[in-house]
Amino acid sequence: MRLVIFGLTISSSWGNGHATLWRGVVSALGRAGHRVTFFERDVPYYAAHRDLTALSHGNTLRLYTSFEDVLPDARRAVREADAAMVTSYCPDGGPATDLVLESGALKVFYDLDTPVTLDRIQAGQPVGYIGPRGLADFDCVLSYTGGAALDRLQAQLGARRVFPLYGSADPAVHRPVPPRDGFRGDLSYLGTYAADRQAALSRLFLEAARRLPERRFVIGGSLYPEDFPWAQNGDNVYYLRHVAPPDHPAFYCSSRLTLNVTRGAMAAMGYCPSGRLFEAAACGTPILSDGWEGLDRFFTPGREILVAATTDEAVAALSLPEGEIAAIARAARERALAEHSAARRAAELVAILESVSAH
């Protein structure tokens with residue numbers, strides 16, 4: 001299968017969750033004999049933090065400065081493709097959609113940010129990557145978020161066929177590795193700053209750090225504001241401004257537990273697993289997560305993942321015996337490798353596209 005993708009970024013993991021997901025899935029597609037051309041606008045923000053310059057396994061990254069300049073190449077690629085996809089937050093979502101919809105390829109939209117999209121639509125706010133006709137003209141719509149979000153994509157945006165396509169981990173990248181002194185901690189958290197994660201992060205991480213001054217807490221991520229409340233936690237909270245994707249396994253494997261905190265809109269909608277869940281699990285690191293509807297669809301609470309809603313529960317998780325925590329980590333890794341790998345998601349994507357194409 002030949003697939004063309006017009007997306008946000010695959011070349012830079014800085015401040016977004018799209019790149020890491022695409023790297024694993026696109027590589028898995030290539031290994032399976034499919035070919036992907038990924039069109040990405042070469043914006044200064046990502047160019048300054050680019051950590052990938054070429055795709056492997058016969059796939060192609062096409063960086064461009066303006067859609068008008070790349071249009072002849074994009075038109076040719078779409079004409080030769082079996083399927084053409086536009087994703088959420090694609091900076092040229094409008095013209096890319098026009099190009100895809102006028103082609104003979106299977107027309108696909110993939111929303112990796114469904115709760116944000118739906119909230120903005122409901123509030124009457126503009127969504128630059130979706131046109132005035134919504135999603136009605138696409139042959140199928142994929143969503144990173146499942147559950148009720150799928151019904152709302154149909155009801156609010158006119159999507160005809162909707163399918164969940166969740167995050168994943170690439171076992172070739174996300175695997176157990178030796179710990180690294182600079183990342184060591186009792187509880188770690190890896191994530192870009194987001195205001196709607198702050199309440200949960202304060203409750204499950206910062207307040208836990210205040211109560212456990214003898215423990216070490218480590219945050220890795222970009223865009224944290226200067227007024228982030230570091231000072232109230234004394235000297236046991238450590239901040240790393242950016243942890244590059246090649247360092248993610250060492251970051252996870254250097255902590256006794258790692259924390260997952262879900263953005264507010266996504267937690268409210270449910271069925272919204274962060275890619276960090278699968279990555280940490282594949283690395284064999286025990287996970288402590290906030291709770292949301294559908295979490296048990298991906299990992300079984302108490303057996304494959306620990307769940308906390310309060311500071312007391314987070315502190316209790318940090319006090320569990322090593323043997324119990326290690327058993328949870330082993331079970332989560334087995335589940336991630338069996339059901340949540342990049343190869344599994346790539347196969348699901350191909351199956352969806354082939355099924356829609358057959359009808």
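**Pockets, domains and helices**

Author: The second largest pocket has a volume of about 340 Å³. This is a predicted model.

Reader: Which residues are the closest to the centre of the second largest pocket?
Author: The lining of this pocket is made of 20 residues. Closest to the pocket's centre are R23, G24, L52, D170 and V173.

Reader: Which element gives the most to the lining of the second largest pocket?
Author: By class, the lining has nine nonpolar, six polar and five charged residues. Domain 1 (2–168 + 342–358) and domain 2 (181–340) each supply at least three residues to this lining. The element that gives the most, with six residues, is α1.

Reader: What is the volume of the largest pocket?
Author: The lining of the largest pocket also draws at least three residues from each of domain 1 and domain 2. Its volume is about 840 Å³.

Reader: Of the residues that line the largest pocket, which are the closest to its centre?
Author: The lining counts 39 residues. Those closest to the centre are N16, G17, D113, R197 and R263.

Reader: Which element gives the largest share of the lining of the largest pocket?
Author: Two or more residues come from each of α1 (18–31), β8 (185–190), β11 (255–260) and α10 (275–282). The largest share is five residues, and these come from α10.

Reader: How much space lies in the largest cavity?
Author: The structure holds one cavity of 30 Å³ or more. The space in the largest cavity is about 110 Å³.

Reader: Which residues are the closest to the centre of the largest cavity?
Author: By class, the cavity lining has four nonpolar, ten polar and one charged residues. Domain 1 and domain 2 each give at least three residues to this lining. Of the 15 lining residues, the closest to the centre are S13, T192, H242, V243 and R276.

Reader: How far apart do the C-alpha centres of domain 1 and domain 2 lie?
Author: The domain assignment gives domain 1 as 2–168 + 342–358 and domain 2 as 181–340. The distance between their C-alpha centres is 28 Å.

Reader: How many residues does the contact take from domain 1 and from domain 2?
Author: A contact here means heavy atoms within 4.5 Å. On that cut-off, the contact takes 25 residues from domain 1 and, from domain 2, 22 residues.

Reader: Where does helix α3 bend?
Author: Helix α3 covers residues 67–79. The bend is about 35°, and the residue is D73.

Reader: What covers the buried residues of α3?
Author: The buried residues of α3 are F67, V70, A74, A77 and V78. In an α-helix there are 3.6 residues a turn, so residues three or four places apart point the same way. The cover over the buried residues of α3 includes β1 (2–6), β2 (35–41), β3 (60–64), β4 (83–87) and α4 (93–101).

Reader: Which residue with positive phi follows α5?
Author: In helix α5 (residues 114–122), the buried residues include T114, P115, V116, T117 and L118. Among what covers the buried residues of α5 are β5 (106–111), β6 (140–143), α6 (148–157) and α9 (264–269). The residue that follows α5 has a phi near 75°, and this residue is G124.

Methods
Residues are numbered from 1 along each chain as its sequence is written. This is a predicted model: local features need pLDDT of at least 70, side-chain atom pairs count only at pLDDT 80 or more; totals for chains, interfaces and linings use all residues. Side-chain values use heavy atoms; hydrogens and water are left out. The bend at a residue is the angle between axes fitted to the seven residues ending there and the seven starting there. Helices (H or I, at least four residues) and strands (E, at least two) are DSSP runs, numbered from the N terminus. Buried means under 20% relative accessible area, exposed over 50%, partly exposed in between (1.4 Å probe, protein chains only). On a 1 Å grid over the protein atoms alone, a cavity is a set of points where a 1.4 Å probe fits but cannot get out, and a pocket is an open set with protein on both sides within 12 Å along at least five of seven lines; lining residues have an atom within 4 Å of a point. Grid points are joined across faces, edges and corners, and a volume is the space filled by probe spheres set on the points. Domain bounds come from an automatic or database domain assignment. Ala, Val, Leu, Ile, Met, Phe, Trp, Tyr, Cys and Pro count as nonpolar, Asp, Glu, Lys and Arg as charged, and the others, Gly among them, as polar.
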